[in-house]
Amino acid sequence: MTIDYAKRATKTPETETDAARQVVTEMLAAIEARGEEAVRDYARSLDRWTGEIVVTPEEIARRTKDIPARVKEDIAFAAGQVRRFAEAQRDSVQDFSVELVPGLVTGQKLVPCNVAGCYVPTGRYAHIASAYMSVATAKAAGVPTVVACSTPFRGEGIHPYVLYAMQVAGADVIMTLGGVQAIAAMAFGLFTGKPADIIVGPGNKFVAEAKRMLFGRVGIDVFAGPSEVGIIADETADPALVASDLVGQAEHGHESPAWLFTTSRALADDVIARMPALIDALPPTARDAAAAAWRDYGEVVVCGSREEIVAVSDRYASEHLEVHAADLDWWLAQLSNYGSLFLGEETTVAFGDKTSGPNHILPTKYAARYSAGLSVHKFLRPLTWQRMDREACKTIAQATARISRLEGMEAHARTADHRLAKYFPGHGLDLGEAVTA
């Protein structure tokens, strides 16, 4: 493979994991031992929040009444886009039944989780979109109870726009909690009496680690890390748009990787040259994050062919993957590892992050090799069932008895024997040799 790094990252997302793991371990243990008292202590010490945890309908109305009409319209539009896409996903899977042998009917029934916890971060930025990405998708799946949490914003409770987005998306319970304490409260059912079956939503490394450590006790959406973008570009790409899109995702945070995969060395050099000015033109918060992210995690990989780009891109398994290249259908057919794909310069990650419809809660840190992003499927359980008449039982029981005995599992075999003896006394069927040892 003839690849060359025009720019190489000096860090990886795994660099910061160990310290977070120790902090989260201690916090989860304290919250499990002391419950709501510990959560309130963490809310006070970490977020300076001493108000009520569960937000009342009256408080929601008070804090959202002054939101401009245009803001409400935009949030409602974007939430509707996400809801419609999620409903289409739900319609793409269905209950079914099939007769496998005469008399044996089996089936699948799609049943939503009973309680979903949706975390919405509000730290460096107010992540309005994350509210409807998680909550609206859970409701489209049919989840009866959705509990949403977000961090207090500047000491005044949940950011009004985030609060409104939660309400419009359909949250049943809203709690003013952030970080590890929010994840633990939802997992343990604190303040609500309803432990979450699944917890979803993006967050910082501490939130991601809390979800990872609680996985098994609850379901989670993805093993999340800092937001990532990969861009595939050939000689037809516009270097100004490519550079802009790299910076657009690097502003997420200091540890957000931004990768360019290209067949054009001239494009690579052009994009690299444009990055400092684009970053310097950002406001202070975004400039600080993007500068660190590009310096430490940015990479530009020059490949000898588009086939080599596919191999490299699939190895990186980018959370967001843009394609600025000719023959978009070819790329759609060939690429396989990504969280969400953006084909052509007319679309960009920001559209998917905010408004276009597909979910923006996506796998990072190479997890797109085996996992997909948040969808209604995460909240649905394809539960199976079966029913058979006695003639079907006769067919299935014989094979079951013989296979069970080949495995050495005599008690399994006898559950088949006893049914055949009841339904077909004196049958004389071959049930295998009994296990004696």
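The model is predicted: local features need pLDDT of at least 70, side-chain atom pairs count only at pLDDT 80 or more, and totals for chains, interfaces and linings use all residues. Residues are numbered from 1 along each chain as its sequence is written, and side-chain values use heavy atoms, with hydrogens and water left out.

**Exercise 1.** State how the chain is divided into domains, and describe the contact of domain 1 with domain 2.

*Solution.* Step 1: the division gives domain 1 (17–221 + 377–382), domain 2 (226–372) and domain 3 (389–436), with bounds from an automatic or database domain assignment. Step 2: the centres of domain 1 and domain 2, taken over C-alpha atoms, are separated by 28 Å. Step 3: 20 residues from domain 1 and 21 residues from domain 2 take part in the contact (heavy atoms within 4.5 Å). Step 4: the buried area between these two domains is about 1,400 Å², and carbon and sulfur atoms give 54% of it; buried area is the accessible area (1.4 Å probe) that two parts lose on being put together, summed over both. Step 5: of the area that domain 1 buries against domain 2, Arg124, Tyr125 and Met133 supply 41%, more than any other three residues.

**Exercise 2.** Determine how helix 9 is oriented against helix 10, and classify the residues of their contact.

*Solution.* Step 1: helix 9 (residues 239–250) and helix 10 (residues 265–280) pack at about 50 degrees, their axes 9 Å apart. Helices (H or I, at least four residues) are DSSP runs numbered from the N terminus; axes are lines fitted to C-alpha atoms over the stretch in contact, and angles run from 0 to 180 degrees between N-to-C directions. Step 2: the two helices are therefore oblique to each other, given that angles under 35 degrees count as roughly parallel, over 145 as roughly antiparallel, 65 to 115 as roughly perpendicular and the rest as oblique. Step 3: the contact of helix 9 with helix 10 has 11 nonpolar, 1 polar and 2 charged residues (Ala, Val, Leu, Ile, Met, Phe, Trp, Tyr, Cys and Pro are nonpolar, Asp, Glu, Lys and Arg charged, the others, Gly among them, polar).

**Exercise 3.** Repeat the analysis for helix 16 with helix 17.

*Solution.* Step 1: helix 16 (residues 390–406) packs on helix 17 (residues 410–423) at about 150 degrees, with axes 8 Å apart. Step 2: helix 16 is therefore roughly antiparallel to helix 17. Step 3: the contact residues of this pair divide into 7 nonpolar, 3 polar and 7 charged.

**Exercise 4.** Which residues join helix 3 to helix 6?

*Solution.* Step 1: helix 3 (residues 57–64) and helix 6 (residues 160–169) pack at about 125 degrees, with axes 9 Å apart. Step 2: Ile60, Arg63 and Thr64 of helix 3 contact Pro160, Leu163, Tyr164 and Gln167 of helix 6.
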